[in-house]
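Me: I am new to this structure and would like to go through part of it step by step. Could you answer my questions as we look at it together?

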Amino acid sequence: MRGVSWNLYDRLTDAIGERSSIRVAFDGKDVEIVVLGPIHENLGDLLSLFVNEVYDGLEIDCQGLRSTTWKRPEVDRGVESDLCYYFDPAKLEVCEAAVARNSNDGADYPIPDLVIEIDISP
(Lines give C-alpha, C1' and ligand atoms only; values in the text may rest on other atoms or scores of the structure.)
Protein backbone atom coordinates (compact mmCIF):
# COMPACT_ATOMS: atom_id res chain seq x y z
CA MET A 1 0.00 0.00 0.00
CA ARG A 2 1.42 3.35 -0.98
CA GLY A 3 1.09 6.66 0.84
CA VAL A 4 0.28 5.23 4.27
CA SER A 5 0.52 7.23 7.50
CA TRP A 6 2.30 6.08 10.67
CA ASN A 7 -1.08 6.03 12.40
CA LEU A 8 -2.55 3.57 9.87
CA TYR A 9 0.54 1.34 10.03
CA ASP A 10 0.46 1.33 13.83
CA ARG A 11 -3.26 0.48 13.93
CA LEU A 12 -2.83 -2.22 11.27
CA THR A 13 -0.02 -4.00 13.12
CA ASP A 14 -1.88 -3.77 16.43
CA ALA A 15 -4.98 -5.30 14.79
CA ILE A 16 -2.97 -8.14 13.21
CA GLY A 17 -1.25 -8.98 16.49
CA GLU A 18 2.06 -10.63 17.29
CA ARG A 19 1.16 -14.29 16.86
CA SER A 20 0.04 -13.98 13.25
CA SER A 21 1.75 -15.47 10.18
CA ILE A 22 1.36 -12.03 8.57
CA ARG A 23 4.35 -9.68 8.59
CA VAL A 24 4.17 -5.94 7.96
CA ALA A 25 6.96 -3.50 7.09
CA PHE A 26 6.68 0.31 6.90
CA ASP A 27 9.32 2.57 5.35
CA GLY A 28 7.75 5.90 6.29
CA LYS A 29 5.36 6.02 3.34
CA ASP A 30 4.59 2.52 2.04
CA VAL A 31 3.39 -0.65 3.80
CA GLU A 32 4.40 -4.12 2.65
CA ILE A 33 2.39 -7.12 3.86
CA VAL A 34 3.69 -10.68 3.47
CA VAL A 35 2.46 -14.08 4.61
CA LEU A 36 4.84 -16.70 6.00
CA GLY A 37 4.92 -20.27 4.76
CA PRO A 38 6.94 -23.50 4.99
CA ILE A 39 9.70 -22.43 2.55
CA HIS A 40 10.13 -19.09 4.34
CA GLU A 41 10.34 -20.79 7.74
CA ASN A 42 12.80 -23.43 6.46
CA LEU A 43 15.10 -20.72 5.12
CA GLY A 44 14.86 -18.92 8.47
CA ASP A 45 15.96 -22.06 10.30
CA LEU A 46 18.91 -22.53 7.92
CA LEU A 47 20.03 -18.91 8.28
CA SER A 48 19.73 -19.14 12.06
CA LEU A 49 21.95 -22.23 12.09
CA PHE A 50 24.49 -20.42 9.89
CA VAL A 51 24.63 -17.32 12.12
CA ASN A 52 24.91 -19.52 15.23
CA GLU A 53 27.85 -21.44 13.72
CA VAL A 54 29.64 -18.22 12.79
CA TYR A 55 29.37 -16.56 16.20
CA ASP A 56 30.18 -19.83 17.99
CA GLY A 57 33.20 -20.42 15.75
CA LEU A 58 34.46 -16.87 16.25
CA GLU A 59 33.67 -17.03 19.98
CA ILE A 60 31.55 -13.88 19.83
CA ASP A 61 28.93 -13.18 22.49
CA CYS A 62 25.51 -13.01 20.90
CA GLN A 63 21.83 -12.79 21.77
CA GLY A 64 19.23 -13.63 19.16
CA LEU A 65 15.56 -12.64 19.32
CA ARG A 66 14.27 -14.38 16.18
CA SER A 67 11.12 -12.77 14.81
CA THR A 68 10.50 -9.42 16.49
CA THR A 69 8.48 -6.31 15.68
CA TRP A 70 10.53 -3.13 15.68
CA LYS A 71 8.39 0.02 15.68
CA ARG A 72 10.13 3.37 15.80
CA PRO A 73 7.53 6.16 15.63
CA GLU A 74 10.21 8.84 16.06
CA VAL A 75 11.45 8.00 12.53
CA ASP A 76 8.16 6.65 11.09
CA ARG A 77 9.61 3.20 10.48
CA GLY A 78 8.61 -0.32 11.38
CA VAL A 79 9.78 -3.79 10.44
CA GLU A 80 9.08 -7.31 11.59
CA SER A 81 12.41 -9.09 11.35
CA ASP A 82 12.61 -12.80 10.70
CA LEU A 83 15.83 -13.06 12.72
CA CYS A 84 17.73 -10.44 14.71
CA TYR A 85 20.90 -10.48 16.79
CA TYR A 86 22.94 -8.41 19.23
CA PHE A 87 26.75 -8.59 19.26
CA ASP A 88 27.78 -5.21 20.72
CA PRO A 89 28.55 -5.65 24.46
CA ALA A 90 26.58 -2.54 25.48
CA LYS A 91 23.53 -3.65 23.48
CA LEU A 92 23.86 -7.19 24.84
CA GLU A 93 23.73 -5.81 28.37
CA VAL A 94 20.56 -3.79 27.68
CA CYS A 95 18.94 -6.73 25.87
CA GLU A 96 19.78 -9.19 28.63
CA ALA A 97 18.35 -6.80 31.26
CA ALA A 98 15.11 -6.43 29.28
CA VAL A 99 14.85 -10.22 28.87
CA ALA A 100 15.49 -10.69 32.61
CA ARG A 101 12.59 -8.28 33.32
CA ASN A 102 10.49 -10.37 30.92
CA SER A 103 9.82 -7.22 28.88
CA ASN A 104 7.91 -7.65 25.64
CA ASP A 105 8.09 -3.93 24.81
CA GLY A 106 10.33 -3.29 21.78
CA ALA A 107 11.17 0.16 23.15
CA ASP A 108 13.10 -1.55 26.00
CA TYR A 109 15.53 -3.07 23.50
CA PRO A 110 18.17 -1.34 21.38
CA ILE A 111 18.13 -1.63 17.60
CA PRO A 112 19.77 -5.00 16.78
CA ASP A 113 23.21 -5.19 15.21
CA LEU A 114 22.00 -7.68 12.61
CA VAL A 115 18.45 -7.99 11.26
CA ILE A 116 17.62 -10.65 8.69
CA GLU A 117 14.56 -10.43 6.48
CA ILE A 118 13.80 -13.46 4.31
CA ASP A 119 12.29 -12.51 0.98
CA ILE A 120 11.27 -15.32 -1.36
CA SER A 121 9.06 -13.23 -3.62
CA PRO A 122 9.62 -13.67 -7.36
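Me: In what order do the three strands of the open sheet lie?
Reply: In this predicted model, the three strands form an open sheet with antiparallel pairing. β3 and β7 (114-116) each have a single partner strand and stand at the edges, so one side of each is left without a neighbour in the sheet. The order is therefore β3-β6-β7.

Me: Which residue is the bridge partner of leucine 83 in β7?
Reply: β6 and β7 pair in the antiparallel sense, and three bridges join them. Leucine 83 has its bridge partner in β7, and that partner is isoleucine 116.

Me: What angle does the direction of helix α2 make with that of β6?
Reply: Helix α2, which covers residues 38-57, packs on the sheet and touches both β6 and β7.

Me: Why do the buried residues of α3 line one face of the helix?
Reply: The buried residues of α3 are Leu92, Cys95 and Ala98, and they pack against β3 (63-64) and β6 (83-86). On the other side of α3, Pro89, Ala90, Glu93 and Ala100 are exposed. An α-helix has 3.6 residues a turn, so residues three or four places apart point the same way. Seen down the axis of α3, the buried residues line one face because they fall within an arc of 130°.

Me: Which backbone nitrogen does a side-chain oxygen of aspartate 88 reach at the start of α3?
Reply: Helix α3 spans residues 89-100. At its start, a side-chain oxygen of aspartate 88 comes to within 3.0 Å of a backbone nitrogen, that of alanine 90.

Terms used. Residues are numbered from 1 along each chain as its sequence is written. This is a predicted model: local features need pLDDT of at least 70, side-chain atom pairs count only at pLDDT 80 or more; totals for chains, interfaces and linings use all residues. Side-chain values use heavy atoms; hydrogens and water are left out. Helices (H or I, at least four residues) and strands (E, at least two) are DSSP runs, numbered from the N terminus. The expected span of a helix is 1.5 Å times one less than its number of residues. Buried means under 20% relative accessible area, exposed over 50%, partly exposed in between (1.4 Å probe, protein chains only). The arc is that of the directions from the helix axis to the C-beta atoms. Contact means heavy atoms within 4.5 Å. A polar contact is a pair of N or O atoms within 3.5 Å; within protein, one must be able to donate a hydrogen and the other to accept it, and residues adjacent in sequence count only if both atoms are side-chain atoms. Two strands pair if DSSP finds at least two bridges between them. Axes are lines fitted to C-alpha atoms, for helices over the stretch in contact, and angles run from 0 to 180 degrees between N-to-C directions.
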